[in-house]
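These are my notebook entries on a few local features. The sequence and structure are shown first.

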Amino acid sequence: MCFESEKVVMFVNAGGEGSTEANCTMSFMADSFFQGGDAFQTGEHIVESGDHSLIYQSARLGNFCYRFNNMLPGDYYVDLHFVEIINTYGPKRMRVFNVFMQDEKASQLVELHYLDYFVKSILSDFDIFSIVGANKPLQLIDSRVSVKDDGLIIIRFEGVNGSPLVSGICIRRAPKFSALPVKREHLVCKNCAAEIEVTSAQHKVMQMKSTAKYEKKIQELSAQCQRKSDECYQAWMSLTAANEQLEKVRMELDNKLFQTYSLDQTVDKQAENLRNISSKYECDKKFWAVAINNLQEKIKVMKEEHSQLLREAHECADSIPDLNKMVFAVQSLVSQCEDLKVKYNEEHAKRRKLYNLVQEAKGANYSGCTSRNIRVFCRCRPLSKTEVASGHATVVDFDAAKDGELGILTGGSTKKNFKFDRVYTPKDDQVDVFADASPLVISVLDGYNVCIFAYGQTGTGKTFTMEGIEQNRGVNYRTLEELFRVSKERSETFSYDISVSVLEVYNEQIRDLLGASPTSKKQWRLAKTDVQGDRLKEAQNINRSLSALGDVISALATKSSHIPYRNSKLTHLLQDSLGGDSKTLMFVQISPSEHDLSETLSSLNFATRARGVELCPAKKQIDTSELQKLKMMLDKARQECRTKDESL
């Protein structure tokens with residue numbers, strides 16, 4: 001018998017595409033012979049992959065089989081290429097599977113049941129990771145299979161624990177055996193040395209004896225091989241258990257090393273802290289030693305100065321003819337000083353009263369009432385960039401703004417005029433606005449309830465007027481600064497306790513904004529939004545609060561016997577600031593855009609009603625001469641107070 005050279009029939013790149021090696025020595029077929037499973041690919045480097053590293057970067061995963069049709073009858077070698085590219089960190093036995101291939105004796109069952117075809121197990125409880133680890137190739141070569149006339153090779157992969165994984169399948173043609181010329185068998189006679197031809201029956205008997213002898217030997221060797229295989233399996237299982245125990249010990253050792261490293265770091269850190277404390281102690285010790293020496297020197301000098309002062313005091317006492325007379329004179333001066341302080345306080349109270357009269361006179365309307373406590377300032381913001389880009393025109397006329405008047409162009413040449421205590425154009429800044437509001441700060445320190453609030457359409461600048469920004473503060477912050485400044489000026493005469501609370505009225509609920517961090521809620525009028533749910537409730541409560549505020553203003557303006565303060569949390573909270581001896585300033589904020597004309601007119605009409613509120617029991621006429629007289633009295637009181645301050 002002689003052997004022919006081996007030949008590769010096909011090399012399938014499982015889970016990958018077909019390709020050709022750079023040196024053109026091997027062509028790989030695309031993965032198209034499978035049934036079941038999923039493709040998986042990786043870009044990791046495969047160690048020790050040899051000349052065919054390409055096939056180990058892809059694999060077919062799952063329970064699947066490969067079916068190769070139209071193979072020429074004969075014997076073939078099947079090479080299986082494996083690599084663990086998924087569970088790269090283990091542990092072992094995460095992927096254990098079996099591989100089955102048809103047996104030569106079972107090939108006759110192909111036409112009936114394909115599943116019966118897999119009767120030969122070429123791999124059992126196979127674990128790639130436990131043998132070579134991850135990213136290293138593992139090859140099973142020279143698995144012999146016979147192909148009959150059906151031309152079929154079927155390989156099945158079944159998982160025992162986890163899913164099977166294969167990267168390549170190579171099918172090679174097994175070498176053929178060719179028959180040599182038949183030689184006839186002869187026996188040589190021992191006596192005559194003659195050659196005796198052996199008959200076929202005799203040769204067959206001899207061959208059967210020889211075959212039986214060799215079969216017995218094969219059985220003995222097979223039994224011995226099975227024992228060796230069992231011993232190898234037991235040794236392999238022991239090695240696996242030993243490796244697992246070694247891995248556990250290694251992990252415990254790593255934990256101990258990490259704990260030791262952490263303890264070393266802690267010890268080093270504590271040692272460094274101890275060195276720093278010691279160094280600081282030495283520095284402080286030197287510093288306090290120098291300080292004590294300096295104090296001792298100062299005490300010595302002070303004792304000497306004390307002795308000198310005692311001597312000088314005795315000399316001074318001896319030089320004064322009558323010390324009692326001097327003491328009496330000093331006591332008289334102190335009594336006069338106390339009298340002057342009392343008179344100063346009385347004059348200061350008169351000056352405060354005159355000042356309030358002047359402030360009320362400044363806010364008098366044309367009907368002549370001096371007790372109107374609600375003053376109204378109107379402020380208009382400039383056109384926004386969006387309004388300018390949209391081509392919106394300005395409907396506000398500021399020609400008479402200095403006289404407290406402004407006009408609103410309602411259409412064509414029609415103009416509606418409004419009169420307020422002060423009108424600010426878009427060019428007026430925060431300083432100008434607070435200059436007119438600052439006199440109310442003095443009224444707060446004089447014991448009056450003062451309310452300053454802004455009213456207007458959303459987006460007209462209410463928040464900017466009242467709060468401003470960090471670089472340009474509004475009325476709220478400037479008012480607090482003025483309160484502290486004036487209270488500091490009066491600190492030698494009066495003592496003030498100032499407390500601040502910040503509240504929010506939202507959905508008829510009062511929130512303390514300094515007690516917690518509330519969620520900011522923006523408010524767009526109900527008529528101009530499609531709000532639902534909580535936003536609808538919010539808008540309705542806003543409109544209800546503003547309506548209640550309008551009812552209170554109307555009741556105050558008509559001198560109604562009942563003022564509906566309790567109709568809203570907002571008006572209930574402002575009750576002490578809208579009636580009685582309170583002084584109220586309202587900023588009405590408007591937009592200059594023609595798009596907001598209806599809202600602007602609504603805000604201005606409301607502000608006009610608020611400006612007409614009179615809380616005085618009767619109207620009183622004050623002409624210009626009386627106003628000038630009050631101003632002169634105020635200037636005289638200020639001059640007298642200034643003179644007495646200088647004398648004190």
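**Entry 1: Ser577**

I work from a predicted model, in which local features need pLDDT of at least 70, side-chain atom pairs count only at pLDDT 80 or more, and totals for chains, interfaces and linings use all residues. I number residues from 1 along each chain as its sequence is written, and side-chain values use heavy atoms, with hydrogens and water left out.

I place Ser577 in helix H11 (residues 575–578); helices are DSSP runs of H or I with at least four residues, numbered from the N terminus. Apart from neighbours within four places in sequence, Ser577 contacts Val450, Cys451, Ser582 and Thr584 (heavy atoms within 4.5 Å).

**Entry 2: H5 and H8**

I noted that H5 (residues 430–437) packs against H8 (residues 475–489) at about 55°, with the axes 10 Å apart. The axes are lines fitted to C-alpha atoms over the stretch in contact, and angles run from 0 to 180 degrees between N-to-C directions. From H5, Gln430, Val431, Val433 and Phe434 make the contact, and from H8, Val475, Arg478, Thr479 and Glu482.

**Entry 3: H12**

I checked the length of H12 (residues 597–611): its 15 residues, at 1.5 Å a residue, should span 21 Å, and the end C-alpha atoms are 21 Å apart, which agrees. The expected span is 1.5 Å times one less than the number of residues. The buried residues of H12 include Leu597, Phe606 and Arg611.

Notes:
Helix = DSSP H or I, 4+ residues; strand = E, 2+ residues; numbered from the N terminus. Buried < 20%, exposed > 50% of the residue type's maximum accessible area, 1.4 Å probe, protein only.
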